[in-house]
Amino acid sequence: MTEKTAVLELRNVNKSFGPIDVLHDISLKVNAGEVLCLLGDNGAGKSTLIKTLAGVHKPTSGEMFMDGEKVSFERPKDAADRGIATVHQFGGTFPLMTIGRSFFVGVEPTKRIGPFRIFDRKTANETAVKAVQEFGITRIDDGDRLIGGLSGGERQSLAIARAVHFGARVLILDEPTAALGVKQASHVLRIVLEAKKRGLAVIFITHQVTHAMAVGDHFAVLIRGALAANFMRGEKSREEITDLMAGGEALADLDTEIESHMETHEGHPPPPAH
Amino acid sequence: MSLGAIAIRPETASVVGLVVVYIFFAAFGGAAFIGAPGWSSWLNIAAEVGIIALPVGLLMISGEFDISVGSIVPAASMTAAIISGHYDWPAYVGILGGLGVGALVGYVNGFLVTRTAIPSLIVTIGTMFVVMGLTLGLAVLIKGSTSVSYVPDPITKSLLGHFINGMFNVSIIWWIAFAVAFYYFLHISPMGNWVFAIGGDRETARNAGIPTRQLTVGLYILSGLAAAFVGIAQLMTYQSAQVAGGQAFIFNSIMCVVIGGVLLTGGAGSVIGIVLGTMTFAVVNQGIFFSGLDSNIGSIIIGALLLAAVLSNDGFRALALRYATKKK
Ligand SMILES: Nc1ncnc2c1ncn2[C@@H]1O[C@H](COP(=O)(O)OP(=O)(O)OP(=O)(O)O)[C@@H](O)[C@H]1O
Ligand SMILES: [Mg+2]
């Protein structure tokens, strides 16, 4: 098998905020058509890592490459222009704007009437609705609806559809399923797979092993800012992954502990330990 | 647009508010209020505050306040009066000087708001006091007085300080022109989208490639220019500039904007709403004189309108969001 060039590659990236070292010596490759699950406990540095990829933070040291070419982002716009799109937990959208308007924020379609440039609402609405329907969200059919009236999953889907529409090559999703119910989360997961099928590289942050296992091809685990594990699908068991996500502590044991406790205590969970 | 969609627009409430208030004062104010004297008196007030309320409203939609307009009005008025009245330069130099003061204060506001983490409310209160102090200090220093008089040439007077039919100030026409320009900017041009976007979520807007800083600075400059324009028009109308006065514009402009359905927290609002809110405010403000009611009642009505507007704006937002979900 010939090694293909990674869409995005980090080499020995460090990031510190003043005296606080958050990322240590991260080297990581992200390939097209692949979902990379970024796992780790709270505060492990996942968000910091993706913000570095997205041009929000500059690495303190280390290098980044896109398609083998060295890149350096001064601002989020630079990363966006190279095709790195980030979708934040709540879709990062504008609750009081319409679907059509928010879809095209910053790249408004216009038509010309005499000397005046006019926001082309019809095109905006039609394009936005079409883009999200292509991802299987057929309930969104009116571009004049307000974003705030959509469900969390629909918002996520819209944000992902938007990124894909504008030609993203790397899609970064920071806990897209965190606030969602089971059904909504599965919608988003399906869209993640759809994005992957279209050849995007997806970086997916989650705290839920099930979600990671459902879509991940490649897993990277951060523990206190260092890359503790980096492996492909099938190389580690669910229990091992769960352990790693908890920072190496035996969390898997806890599950069985709780279960046996509930069995012997008429279904009551154990009191939290302090 | 469906009936439901019309019912949930905040402008609908603004129209209802205006009609109710107008009928109320028409009942108490009699023929004079319904006739030309009444219309001219509230339209003159509406034009003055309305020209300032437009950019203040856009700033509020974008998530910022501008308190400093209250000091820019007298500062620009005084600047123009000193340049053209005291130093005898041509009117246009005085006008440009006055507008320059407004643009400069607006630029400083925008610069401080976008470069520091200080809330715009505090920044613009700060610049308001600085500008007030400077206006007083410089007027006394240069002219040795807190008021400067100036008699404009006939053309300037007819453009900026004339009363049509002896009643309607030309500012009304300027106000309409500004309202049309702002309507185009906010609702038709692509840039209007940016104003809503930065009011909704500045960070995301910036990441989407919107020049958020430049836009905010630009809006503050607009607001400074509009306040300066009103100051200059006052000078041309009354032929004298005072260092004091203008503070009323601070609360009045905010009230017009909020009564017009703009969300205090930003992200939503419309130019039509701002214009309607301004008219409502002006009708109450002048209706009280015509009706012969105690002027405290006017304050009470304005206060009640403001509270009702804030509550209904919030209600409308919730309704709009819920409606959108249900509609299917
Ligand atoms: N701007 C900053 N300045 C200083 N410290 C920061 C900054 N941003 C993040 N940190 C620190 O870096 C560490 C990692 O934070 P980060 O948000 O990347 O964690 P995370 O893995 O995304 O956690 P979570 O799962 O809770 O979202 C934290 O200890 C945090 O306090
Ligand atoms: Mg995080």
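Reader: What makes helix H1 of chain A largely enclosed by the rest of the structure?

Author: This is a predicted model, and in it six of the eight residues of H1(A), which spans residues 46–53, are buried. A residue is called buried when its relative accessible area is under 20%. Six of eight fall under that cut-off, so H1(A) is largely enclosed by the rest of the structure.

Reader: Which residues of H1(A) are buried?

Author: They are Lys46(A), Thr48(A), Leu49(A), Ile50(A), Thr52(A) and Leu53(A). After the helix comes Gly55(A), with a positive phi near 85 degrees.

Reader: How much of chain A as a whole counts as buried?

Author: The share is 48% of its 274 residues. The chain holds nine helices and 12 strands.

Reader: Why are E7 and E8 of chain A said to pair?

Author: Two strands pair if there are at least two bridges between them. Strand E7(A), residues 110–113, and E8(A) have four bridges, in the antiparallel sense, so they meet that definition. One of the bridges joins Arg112(A) to its partner in E8(A), Arg117(A).

Reader: What lies between E7(A) and E8(A) in their hairpin?

Author: Two residues lie between the strands, and Gly114(A) in the turn has a positive phi of about 60 degrees.

Reader: How do you know that chain A and chain B are in contact?

Author: Contact means heavy atoms within 4.5 Å. By that rule 25 residues of chain A are in contact with 29 residues of chain B, so the two chains do touch. Between them they bury about 2200 Å², with 61% of it on carbon and sulfur atoms. Phe94(A), Leu96(A) and Arg101(A) supply 24% of the area that chain A buries against chain B, more than any other three residues.

Reader: How many salt bridges and polar contacts cross this interface?

Author: The rule finds zero salt bridges between chain A and chain B. For polar contacts, it finds six residue pairs, with both residues at pLDDT 80 or more.

Reader: Which elements of chain A supply residues to the side that touches chain B?

Author: Helix H2(A), residues 76–81, and strand E8(A), residues 116–119, each supply at least two. The largest share, four residues, comes from E8(A), the strand that also forms the hairpin with E7(A).

Reader: What kinds of residue make up that side of chain A?

Author: There are 11 nonpolar, six polar and eight charged residues on the side of chain A that touches chain B.

Note on methods: Residues are numbered from 1 along each chain as its sequence is written. Chains are lettered from A and ligands numbered from 1 in the order in which they are written. This is a predicted model: local features need pLDDT of at least 70, side-chain atom pairs count only at pLDDT 80 or more; totals for chains, interfaces and linings use all residues. Side-chain values use heavy atoms; hydrogens and water are left out. Buried area is the accessible area (1.4 Å probe) that two parts lose on being put together, summed over both. A salt bridge is a side-chain nitrogen of Lys or Arg within 4 Å of a carboxyl oxygen of Asp or Glu. A polar contact is a pair of N or O atoms within 3.5 Å; within protein, one must be able to donate a hydrogen and the other to accept it, and residues adjacent in sequence count only if both atoms are side-chain atoms. Ala, Val, Leu, Ile, Met, Phe, Trp, Tyr, Cys and Pro count as nonpolar, Asp, Glu, Lys and Arg as charged, and the others, Gly among them, as polar. Buried means under 20% relative accessible area, exposed over 50%, partly exposed in between (1.4 Å probe, protein chains only).
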